[in-house]
Amino acid sequence: LRLMQSVLMLAMVQFAGMLLGLLVGLSADHWGLRKCMLMGLSLMFFSSCLGGLAPDATSLLVLRGVEGLGFLLVVTPAPGLIRQNVAPAELSARMGGWGTYMSFGSAVGLLLGPIIMGLWGWATWWMFAGAVSFLAWLAVWTVVPRPLSRPAPMAPKETLAAVAGWRDRLVRTLTTPGPWLIAFAFAVYTGQWMSVIGFLPTIYTQNNISWGMTGVLTALVALVNFSGNWMSGRLPQRGWSARQTMVTGYVVMGLGAVGAFWDWGGLQLPFAVRYACVVLFSAVGGLIPGTLFACAVRLAPSEDTVSTTVGWMQQWSATGQFIGPLVVAWLAGAVGGWQWTWVVTLSMASMGLLLALRIQKALELKTLAATSHG
């Protein structure tokens with residue numbers, strides 16, 4: 001029961017993303033990208049501060065859901081804000097940097113979390129997270145330029161037209177194969193990554209790794225994901241196709257999880273080798289998200305559905321992060337250990353391989369159609 005409660009606490013921040021990713025993607029342009037991000041950071045600030053005062057686990061779970069909504073309001077408009085505020089020549093590098101938010105944030109949290117909680121308790125950690133959100137709010141408020149003009153109130157006919165446009169973007173996005181392919185590919189990536197990273201501290205404890213070293217080792221695994229994110233923006237310049245980067249990422253993730261969790265009759269690889277497998281799992285797997293974000297721009301039905309497509313990706317990304325750890329925890333409870341975790345992750349990696357092939361085909365068809373139209 002305690003294991004499942006900890007999993008829910010880990011995954012609850014993604015619950016809002018599972019339900020509202022597409023809606024936020026559709027609405028961000030109407031609200032304003034900067035305003036949307038400020039709203040999200042405000043929600044994260046208040047929910048984290050209240051979490052430090054929460055009287056019970058149920059209250060914490062509810063506040064994690066609110067925090068998840070705030071997180072979604074922050075990450076969904078980020079690509080659009082970057083695109084608006086950087087020179088075209090810098091866009092690729094800046095988008096690659098933005099794509100590291102999950103790996104970098106996870107590394108910092110895993111490194112500092114145990115230290116702060118060990119010294120001052122879990123409530124202080126929640127308050128610390130709130131303080132970080134507030135500092136981010138101040139940075140956006142002071143550094144990100146305000147829109148040059150505010151949209152005038154719409155007349156009734158204009159409101160009806162806006163609703164029709166909203167519905168049209170939604171229909172075009174959900175009736176085009178490309179957004180579904182990249183969304184599913186993102187889900188099987190995040191499902192693997194969160195399942196492995198989220199449970200590493202428990203696995204370290206079972207191998208008698210000290211609590212202090214646990215945070216350092218897990219933070220390193222999260223941080224090396226940055227290298228894959230960074231390379232995903234450079235390899236296409238060297239002639240790599242989207243299929244090559246994604247296949248490489250999914251294959252290494254699948255094999256890395258097998259090496260990390262393999263346990264046949266009590267026989268395991270040495271811990272150093274298992275840890276190296278996890279490091280490779282994270283580092284090379286980082287090729288996938290950057291590639292998928294680049295594919296989202298190309299496979300969106302049209303220019304005015306890019307943010308909607310990104311929102312759909314975020315929704316399925318959150319779904320993978322929510323379901324993956326739950327399945328792994330259920331399996332661990334059923335078999336009495338983590339030895340079959342690799343079956344779940346390898347299955348998701350195999351699905352990712354199939355999706356990578358379909359995505360490459362969709363990209364080729366899109367390019368061919370554009371050439372023929374031209």
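Predicted model: local features only at pLDDT ≥ 70, side-chain atom pairs only at ≥ 80, totals over all residues.
On the helix 3 side, the residues involved are R34, M37, L38, L41, S42, M44, F45, S47, S48, C49 and G51. Facing them from helix 8 are W122, W126, M127, A129, G130, S133, F134, A136, W137, V140 and W141. Sorted by type, the residues of this contact come out as 15 nonpolar, six polar and one charged.

**How helix 3 and helix 8 cross**
- Helix 3 covers residues 33-51 and helix 8 covers residues 122-143, and their axes come within 7 Å of each other.
- The two axes cross at roughly 160°, and an angle over 145 degrees counts as roughly antiparallel, so helix 3 and helix 8 are roughly antiparallel to each other.
- As for handedness, helix 3 and helix 8 make a left-handed crossing.

**Aromatic rings**
- Across the structure there are 15 aromatic pairs.
- One aromatic cluster is made up of F45, F46, F134, W137 and W141.

**Helix 13 with helix 14**
- Helix 13 takes in residues 271-285, and its axis comes within 5 Å of the helix 14 axis.
- These axes cross at roughly 15°, and angles under 35 degrees count as roughly parallel, so that's how helix 13 and helix 14 run: roughly parallel to each other.
- The meeting point brings A283, V284 and G285 of helix 13 up against L287, I288 and P289 of helix 14.
- That contact splits into five nonpolar residues, one polar and no charged.

**Helix 14 with helix 15**
- Helix 14 (residues 287-299) and helix 15 (residues 306-335) have axes that come within 9 Å and cross at roughly 140°.
- This time the crossing is right-handed.
- Helix 14 brings L292, F293, A296 and V297 to the contact, and helix 15 brings V306, T309, V310, M313 and Q314.
- Seven of these contact residues are nonpolar, two are polar and none is charged.

Note on methods. Residues numbered from 1 in each chain as written. Heavy atoms only, no water. Axes fitted to C-alpha atoms, helices over the stretch in contact; angles between N-to-C directions. Helix = DSSP H or I, 4+ residues; strand = E, 2+ residues; numbered from the N terminus. Parallel < 35°, antiparallel > 145°, perpendicular 65-115°, else oblique. Left-handed = near helix turned anticlockwise from the far one by under 90°. Contact = heavy atoms within 4.5 Å. Nonpolar A, V, L, I, M, F, W, Y, C, P; charged D, E, K, R; others polar. Phe/Tyr/Trp six-rings, centres within 6.5 Å; stacked < 30°, edge-to-face > 60°.
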